[in-house]
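Thanks for making the time this morning; I would like to walk you through one model, going from the annotation to the domains, then to the contact between them, and finally to a few points of local geometry.

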Amino acid sequence: RAFPEQDVYSTPVYFSSDWLNEYWDSVAVDDFRFVYMGPKGSWTPFHADVFRSYSWSANICGRKKWLLYPAGQEEFLKDLHGNLPFDVTAPILRDRKVYPRYSQSQPPLEILQEAGEIVFIPSGWHHQVHNLEDTISINHNWVNGCNVSIMWCFLQDELAAVQREISQWKDPLEDWNLQCQLIMKSCTGIDYKEFYNFLKVIAENRISVLEKGLDEEASGRNTSKAAISSLGMLHAVFDLQRTVKVLTSLNANEDFRKLDLSSLSPAPEALLHHLKAAIDTALL
């Protein structure tokens with residue numbers, strides 16, 4: 001961040017359609033790119049990634065052991081109270097009185113990652129990572145047209161969990177829906193209105209590609225704009241189609257419509273109309 005002109009590394013093309021960092025770059029608040037450094041014996045507890053995003057992890061040096069469970073398997077790893085374990089290798093998981101469904105889970109996928117190798121984690125896959133040596137890695141969390149619908153489902157589940165938790169205050173609290181959004185954002189990092197702005201920024205960037213063509217100057221740099229340009233026109237149409245699908249669902253969502261949407265520009269209906277028109281024009 002202190003030296004943005006220095007392209008220390010380039011993102012592999014397979015991971016370059018990265019809506020998450022494209023959006024956060026545009027608002028200049030934060031990003032979801034990390035350098036992890038851990039000594040031998042350190043480890044990351046059992047978890048799934050933010051927003052149920054994809055992630056990739058490139059080892060610069062050292063070795064890691066990954067334990068991965070496909071999406072849905074985590075349900076068998078919850079204790080009597082519905083909590084996930086901190087450590088999936090702990091012997092207590094075999095105690096049926098504490099973890100009654102553990103025997104129904106499948107063994108984790110185990111990966112030994114060497115220096116120079118990259119691991120891809122699909123959406124919703126819970127995992128635990130152990131550094132077998134002193135290790136340095138570069139990691140990104142990322143969302144694109146292929147898993148943005150999973151992100152939207154995750155946000156709906158998170159809001160429903162908040163609503164259940166504070167349901168007893170629904171009647172006396174006049175701004176109950178807003179409070180639910182605030183709590184959800186404090187827990188997940190995003191609320192429904194920011195999710196709308198997230199979709200809007202991605203969509204407007206793709207429309208720019210369709211209207212102005214590929215930016216040859218930008219394509220030579222390691223930036224979000226360069227990544228968009230390098231993906232091409234058909235990919236821009238694909239991204240717009242996926243955005244329209246999720247935005248249509250968001251706009252019809254009862255909890256979204258209960259919010260004060262007057263601050264959103266353009267209005268959701270107007271943005272949807274614009275996106276559909278852009279797709280129709282591009283496909284002519």
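This is a predicted model: local features need pLDDT of at least 70, side-chain atom pairs count only at pLDDT 80 or more; totals for chains, interfaces and linings use all residues.

The domain assignment divides the protein chain into domain 1, at 13-142, and domain 2, at 147-283, and the C-alpha centres of domain 1 and domain 2 are 25 Å apart. To the contact, domain 1 brings 18 residues and domain 2 brings 24 residues.

How much area do domain 1 and domain 2 bury between them? The figure is about 1,700 Å², with 65% of it on carbon and sulfur atoms. On the side of domain 1, the residues that lose the most area to domain 2 are Trp-19, Glu-22 and Phe-51, which together account for 47% of what that side buries.

Turning to the polar side of this interface, the rule finds one salt bridge across the interface of domain 1 and domain 2, and it also finds six residue pairs in polar contact there, with both residues at pLDDT 80 or more. Helix α1, residues 19-27, gives the most to the side of domain 1 that touches domain 2, contributing eight residues. Sorted by class, that side of domain 1 has eight nonpolar, six polar and four charged residues.

For the chain as a whole, the salt-bridge count by this rule comes to eight.

I would like to close with two details of the backbone. As a reminder, most residues other than glycine have a negative phi, and most peptide bonds are trans. Which peptide bond is cis here? The bond from Ser-265 to Pro-266 is, with omega near 0 degrees, and Pro-266 sits in the loop between α8 (254-257) and α9 (268-283). The other detail is Ala-28, whose phi is near 55 degrees, a positive value in a residue other than glycine; Ala-28 is placed in the loop between α1 and β1 (33-38).

Key. Residues are numbered from 1 along each chain as its sequence is written. Side-chain values use heavy atoms; hydrogens and water are left out. Domain bounds come from an automatic or database domain assignment. Contact means heavy atoms within 4.5 Å. Buried area is the accessible area (1.4 Å probe) that two parts lose on being put together, summed over both. A salt bridge is a side-chain nitrogen of Lys or Arg within 4 Å of a carboxyl oxygen of Asp or Glu. A polar contact is a pair of N or O atoms within 3.5 Å; within protein, one must be able to donate a hydrogen and the other to accept it, and residues adjacent in sequence count only if both atoms are side-chain atoms. Helices (H or I, at least four residues) and strands (E, at least two) are DSSP runs, numbered from the N terminus. Ala, Val, Leu, Ile, Met, Phe, Trp, Tyr, Cys and Pro count as nonpolar, Asp, Glu, Lys and Arg as charged, and the others, Gly among them, as polar.
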